[in-house]
Amino acid sequence: MEVERVFRREHGRAVAVLVREFGDVDVAEEAVQDAFAEAVRRWPVDGTPPSPAGWIITTARRRAIDRLRREAVRGRKQAEAALVAGEAVDEGAVPDERLRLIFTCCHPALAPATRVALTLRLVGGLSTAEIAHAFLVPEATMAQRLVRAKNKIRDAGIPYRVPREADLPGRVGSVLAVLYLVFSEGYRAREGELTRVDLCAEAIRLGRVLAELMPDEPEVMGLLALMLLVHARRDAREVGGELVLLADQDPGLWDRKLMEEGRSIVRRCLRWGRPGPYQIQAAINAVHSEPPTDWRQILALYDQLSAVTPGPVVALNRAVAVAEVEGPAVALGLVDGLEIERFYLFHAVRADLLRRVGRNAEAADAYRAALDLTENEAERRFLRGRIREVTRAGG
Amino acid sequence: MKLYALNMFQPVGERPPPEVLDPIMKELFEIRRELEMAESWVFGAGFHEPSASTVVRVRGSDVVATDGPYTEGKEHLGGITIIKVQDLDEALEWAGQYARITGLPIEVRPFQSEG
């Protein structure tokens, strides 16, 4: 529906402006919700207003003032202040307050899962039901999580502003982590869940907003590029319900437009010369987007990534590149030293390396260990296929 | 302005020797001065050991006092500082300084009333 689409796009901006004026997330959210209900009634009849954002904000502001007048006890002062501030907005020039809202939603004083939910709800304009469904929790649980979050913002005095320069890198990191979590959840859960909101698309949409608001932060651009490049391969990654590994994908199924956009951002990041984990991962995916893959370059990028964010998961991915450059036996030596046995990909990678050096029986065991650790149907089908393959080959 | 309590949690056990404690106390005094200059200082003090505590309860129609703390644990509240600042970010910043000086975790707890 047209109203819904426009509304979702303008939700963050409207909530942000109202939080600024009324100093209360709850008041702002409810007022914007009311404005949405009114839009659903009126837009189909009157037509979409020339500035939907301006219309929503003006309508929501009136609703908020009405509500505060009704709740006279705490409302009078705020309502009057808002009235004095002037009722008419210049509908063409709606101030962009979203950055403040994003930083508030992603404040480190909130639990990570809460930051994710709050960002999708307030900035992204997703309904509580949609978010609950996307993260496979009951709607009541999600509603409660959001209420608690809004209470904490109010009670703990989480500020509604962009952090100071000195705090900015850490706080931007928290915002990026939220978007990346949303994207990863969407990536992981794509298969067979057609009714779920496309979290990947939502994360990219929010990433674009952030990139528009902070165009000079290399890691902001890096994350956007990373998401675009990975998302561009979505149709090639699964064909007819079967998981297709990167090396076996048909580049014809890749989304050229997203890929080119991602690559051009990566080039811009390179010119900045201020690399960070997201930019390096984006660069790795940019190399993958131009087959045949230059594995030496990939390995060099993983070396760089291990230097800035050491850890077993990066080491595991690096080992995959090592296998291509120096052979599976060398890579196997690296993988066997890692302590991430609860991680499905560890067993999947190890199994693949064992298969490639001809240790098929061990490979089958490792595939089975991987199978126990994933519930994703496409991944499970893929692993079962591989188990059959190595069992037939024997050894 | 909002009021926050910065609650300092410390492990139960021996107090560190003076050569460790003295420089810390000096730094704590300095941060108090900074808070006072910023007009953010409300109150602050360290507690005696929990063994100095007494708990008072109502039992039937009597009020009974018993020796010892309300709960026994590996950590106890070692001291509190009450500050009056703009928002949580400012409170976290001061708390961070206390944490750095003492090496102890600091709970930042907002009061219900405005400062």
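The legends below describe close-up views of a predicted model.

Residues are numbered from 1 along each chain as its sequence is written, and chains are lettered from A, with ligands numbered from 1, in the order in which they are written. Because the model is predicted, local features need pLDDT of at least 70 and side-chain atom pairs count only at pLDDT 80 or more, while totals for chains, interfaces and linings use all residues; side-chain values use heavy atoms, with hydrogens and water left out.

**Figure 1. Overview of chain A.**
Chain A contains 20 helices and two strands. Helices (H or I, at least four residues) and strands (E, at least two) are DSSP runs, numbered from the N terminus. The C-alpha trace of chain A spans about 80 × 40 × 40 Å along its principal axes. Of its 395 residues, 50% count as buried; buried means under 20% relative accessible area, exposed over 50%, and partly exposed in between (1.4 Å probe, protein chains only). Among the contacts in chain A with a separation of 6 or more, 65% come from residues 24 or more positions apart. A contact means heavy atoms within 4.5 Å.

Chain A is divided into domain 1 (2–84) and domain 2 (294–395), with bounds that come from an automatic or database domain assignment. The C-alpha centres of domain 1 and domain 2 of chain A lie 52 Å apart. The largest nonpolar core has 146 residues, and A:Leu101, A:Leu210 and B:Tyr98 touch the most other members. This core draws at least three residues from each of domain 1 and domain 2 of chain A. A nonpolar core is a set of buried Ala, Val, Leu, Ile, Met, Phe, Trp, Tyr and Cys residues joined through side-chain atoms within 4.5 Å. In soluble globular proteins, nonpolar side chains tend to be buried together.

**Figure 2. Crossing of helix 1 and helix 5 of chain A.**
The axes of helix 1 (residues 2–22) and helix 5 (residues 98–105) of chain A come within 8 Å and cross at roughly 85°. The axes are lines fitted to C-alpha atoms, for helices over the stretch in contact, and angles run from 0 to 180 degrees between N-to-C directions. Helix 1 and helix 5 of chain A are therefore roughly perpendicular to each other; angles under 35 degrees count as roughly parallel, over 145 as roughly antiparallel, 65 to 115 as roughly perpendicular and the rest as oblique. Helix 1 of chain A contributes A:Gly12, A:Arg13, A:Val15, A:Ala16, A:Val19 and A:Arg20 to the contact, and helix 5 of chain A contributes A:Arg98, A:Arg100 and A:Leu101. These residues divide into four nonpolar, one polar and four charged. Here Ala, Val, Leu, Ile, Met, Phe, Trp, Tyr, Cys and Pro count as nonpolar, Asp, Glu, Lys and Arg as charged, and the others, Gly among them, as polar. Beyond its neighbours within four places in sequence, A:Leu101 is in contact with A:Gly12, A:Val15, A:Ala16, A:Val19, A:Leu122, A:Val123 and A:Tyr160.

A:Ala28 is found in helix 2 (residues 25–46) of chain A and counts as buried, at 0% relative accessibility. Leaving aside neighbours within four places in sequence, A:Ala28 is in contact with A:Val15, A:Leu18 and A:Val19. A:Ala28 and A:Ile57 are 29 residues apart along the chain, and their C-alpha atoms are separated by 9.8 Å.
A:Ala203 is in helix 10 (residues 199–213) of chain A and is buried, with a relative accessible area of 0%. Not counting residues up to four places away in sequence, A:Ala203 touches A:Leu179, A:Val182, A:Phe183 and A:Met227. A:Ala203 and A:Phe382 are 179 residues apart in sequence and 27 Å apart in space, C-alpha to C-alpha.

**Figure 3. A buried loop residue, A:Gln249.**
A:Gln249 is in the loop between strand 2 (242–243) and helix 13 (256–272) of chain A. At 8% relative accessibility, A:Gln249 counts as buried. Apart from neighbours within four places in sequence, A:Gln249 is in contact with A:Arg233, A:Ala236, A:Arg237, A:Val244 and A:Trp254.

A cis peptide bond, with omega about 0°, joins A:Pro291 and A:Pro292. A:Pro292 lies in the loop between helix 14 (277–288) and helix 15 (295–308) of chain A. A:Leu136, in the loop between helix 7 (128–134) and helix 8 (139–156) of chain A, has a positive phi near 55° and is not a glycine. A:Leu136 counts as exposed, at 57% relative accessibility. In chain B, B:Glu39 lies in the loop between helix 1 (18–37) and strand 2 (41–46). B:Glu39 has a positive phi of about 55° although it is not a glycine, and is exposed, with a relative accessible area of 63%.
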